[in-house]
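Below are some notes for a colleague who is opening this structure for the first time. Please keep the sequence and the model in view while reading the numbered points.

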Amino acid sequence: MSVTVHKLTFSSAWLLALAGCGFQPAPGELKLALDPRSRTALADAPGKEQELEALLVKYFGTREEPRYASIDSWKAAGVDPNQPEGSYPSLAASSELYRTQCLHCHGVEGGGDGPTSNTIDPKPRDFRRGIFKFTAVKDKSRPRREDLAVLLERGVYGTSMPSFLRLPQPEREGLVDYVRLLAIRGEVEGLLVQSWQDDEKLDDEAAVEALELVWERWQKAREKVIAFDGPIPPDSAAMRTRGRELYLDAKKGNCVACHGTEGHGDGALAYKTDARGRRTPAYQDDWGYDIMPRDFASGVFRGGSRPIDIYRCIYAGINGTPMPGLGEMKGPDGELLVSGDDLWALVHYVRALSERAE
Amino acid sequence: MRALVATLFALFALLVVWSFVVAPGRGWAMPENVATLGASVDELFDQIQWIVGAFFVLTVGLLAWIVWRQAQGGGGSRSPISNHLPLEIFWTLVPGAILVWLALVQIAPWEALKFSNSIPRAADGTPKPPLCEVWASQFDWHVLYPGADGRFGSVDDLHSPYELVVPVGEPVVLRLGSRDVIHSFFVPSFRLKQDVLPGRATLVWFECTKAGTYDLMCAELCGWGHYKMAGAVRAVPRAEYEAFLAHKTRALESNGVEDRK
């Protein structure tokens with residue numbers, strides 16, 4: 001605790017000191033920093049950190065002037081990601097807005113390590129892996145721009161991520177553009193480090209290859225939207241009963257394993273007893289933080305509480321966490337474990353668990 | 001030098017009075033009142049401001065005068081006053097009387113605003129049920145409408161982050177709750193401020209008289225993000241309010257197909 005406080009005081013004091021002195025960084029000082037993990041990975045390769053930094057500046061620009069380098073395949077396809085898809089003027093303007101609205105939690109590079117990140121739990125998202133938990137898409141896909149826009153509108157209820165409806169829509173679209181750039185930059189950085197470790201390759205060819213791969217992942221998301229054709233099967237006592245059966249059935253939904261019999265997030269699988277006899281979370285998410293399965297009775301669903309929001313979580317799982325997707329999961333006989341109306345039975349049952357006594 | 005100090009004192013008093021006078025025209029004062037009970041709060045505010053302002057001018061003016069008089073080379077006694085009983089009675093009784101008077105005149109507006117028996121009643125005489133719940137948490141406002149069944153915390157609840165939409169020209173009762181620490185629900189345009197405590201449901205009510213969008217803010221320092229804990233109150237005609245609920249209800253029934261683009 002004292003360490004946290006000390007760090008926070010230090011960083012705040014530092015920011016204040018800079019602000020007070022009218023700090024103006026010299027040109028060239030504004031490049032986005034490397035992920036500490038990249039530094040660790042390249043620690044034994046002298047000069048490679050600088051090369052990686054230079055490549056990232058070349059392909060993504062600086063903090064003040066973020067800019068995708070135009071690559072051949074984009075030119076051929078007539079794609080220019082530097083043109084904002086929304087109505088906010090430019091990536092540079094979006095970057096500035098990001099620094100006033102998002103930086104203090106999500107950090108300059110989107111690493112989820114801003115000055116206030118120490119004070120909150122759950123921690124702010126680290127964009128640099130391209131993994132976002134709450135989206136409308138399946139197959140652990142990257143989010144669509146719309147998914148990020150929804151997060152800005154709705155916030156993530158139950159966390160410190162507020163709704164940003166107080167910003168006009170063009171500004172929110174600008175933020176989406178810039179967050180996407182940070183996420184793509186982070187993923188490319190990770191791939192380049194990988195490329196160095198695997199093939200000792202850290203050059204333009206590797207960068208273009210990585211960028212094309214990551215860009216493709218983000219584009220593919222558009223085909224991955226989870227939706228249900230036709231009106232959703234209505235909630236009913238029979239649906240809830242069916243939902244509970246599936247919820248408890250170890251060979252079907254098996255939600256009970258982590259979420260517990262009454263949905264309090266206290267299932268046997270989710271916790272383990274450590275050497276000193278304490279009950280601790282058994283799993284960590286992709287960012288290394290302890291996972292506590294949702295307590296449905298809290299009435300809080302972070303990814304949205306509409307039936308379709310819960311449906312999508314059950315269908316595709318939650319990216320970056322051990323929550324599996326049931327929508328396309330097959331049993332040993334090759335049949336879908338839970339399908340069609342049964343998925344909705346689960347949705348209605350889980351939503352029923354969130355009801356509170358008046 | 002003393003003349004300069006005396007002038008500065010006098011100028012300070014003038015500056016403060018000037019700032020009060022011009023504040024409304026320059027947008028430095030409270031925003032326009034758009035709630036039925038706001039006028040009574042404004043009236044109290046003005047009365048208190050007049051009293052405080054008069055004493056401020058008197059005190060600073062006296063200071064300026066005394067300094068000025070000494071600057072002119074004296075005249076008058078400089079002996080300290082001690083054990084002056086009539087004077088002590090005077091400066092105890094006058095402020096005391098003012099405080100008692102304030103305590104008395106605020107009772108009626110306070111009762112109308114805050115007492116639970118002032119919650120507007122429905123046609124059948126029972127207190128109006130809350131239109132919605134407003135949940136505060138670090139650092140945003142989240143509004144929950146009870147949906148078609150009229151019950152909070154059921155599956156047909158409608159969520160509205162950031163935005164509290166209410167019908168204009170009707171008494172509106174809200175139930176406030178906090179998910180973490182103490183917050184305060186503050187709508188300056190309604191002259192309405194109410195602390196929100198974790199673990200306790202607090203009722204407030206207001207009647208907005210003019211359609212529009214008004215700031216909702218947190219008025220209790222609740223953490224580092226307090227400054228950005230903003231929301232909006234949108235007061236709309238009844239029909240538009242119903243349309244808003246209908247829109248939210250449709251979103252609840254979405255099968256997600258509209259996201260395939």
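1. Chain B has a radius of gyration of 26 Å, whereas a compact globule of 261 residues would have one near 18 Å; the radius is taken over C-alpha atoms, and the globule rule is 2.2 Å times the number of residues to the power 0.38. Along its principal axes, the C-alpha trace of chain B spans about 90 × 45 × 35 Å.

2. The model is predicted, so that local features need pLDDT of at least 70 and side-chain atom pairs count only at pLDDT 80 or more, while totals for chains, interfaces and linings use all residues. Residues are numbered from 1 along each chain as its sequence is written, and chains are lettered from A and ligands numbered from 1 in the order in which they are written.

3. For chain A, with 358 residues, the globule rule gives a radius of gyration near 21 Å, and the value of 22 Å agrees with this. The C-alpha atoms of chain A fill a box of roughly 65 × 55 × 45 Å along the principal axes. Buried residues make up 39% of chain A and 24% of chain B, where buried stands for 20 or more other C-beta atoms within 10 Å of a residue's own, exposed for 12 or fewer, and partly exposed for the range in between, with C-beta atoms placed from the backbone.

4. Chain A has 13 helices and 2 strands, and chain B has 5 helices and 10 strands; helices (H or I, at least four residues) and strands (E, at least two) are DSSP runs, numbered from the N terminus.

5. Strands β6 (residues 183-187) and β9 (residues 212-218) of chain B run antiparallel and are joined by 2 bridges, and Phe186(B) stands opposite Met217(B) in β9(B).

6. How do helices α7 and α8 of chain A pack? Helix α7 (residues 145-154) and helix α8 (residues 169-199) of chain A meet at an angle of about 125°, with their axes 9 Å apart; axes are lines fitted to C-alpha atoms, for helices over the stretch in contact, and angles run from 0 to 180 degrees between N-to-C directions. The contact involves residues including Leu148(A) and Leu152(A) of α7(A) and Val176(A) and Val179(A) of α8(A), a contact being counted if the C-beta atoms of two residues, placed from the backbone, lie within 7 Å.

7. Between the chains, 32 residues of chain A are in contact with 24 residues of chain B. On the side of chain A that touches chain B, α12(A) gives the most, with 3 residues.

8. Some backbone details deserve a look. The peptide bond from Asp121(A) to Pro122(A) is cis, with omega near 0°, and a cis peptide bond also joins Gln138(B) and Phe139(B), with omega about 5°. Asn83(B) has a positive phi near 50° although it is a residue other than glycine, and Asn83(B) counts as exposed, with 6 C-beta neighbours inside 10 Å. Arg191(B), also a residue other than glycine, has a positive phi near 55°; Arg191(B) lies in the loop between β6 and β7 of chain B and is buried, with 23 other C-beta atoms within 10 Å.

Terms used. Two strands pair if DSSP finds at least two bridges between them.
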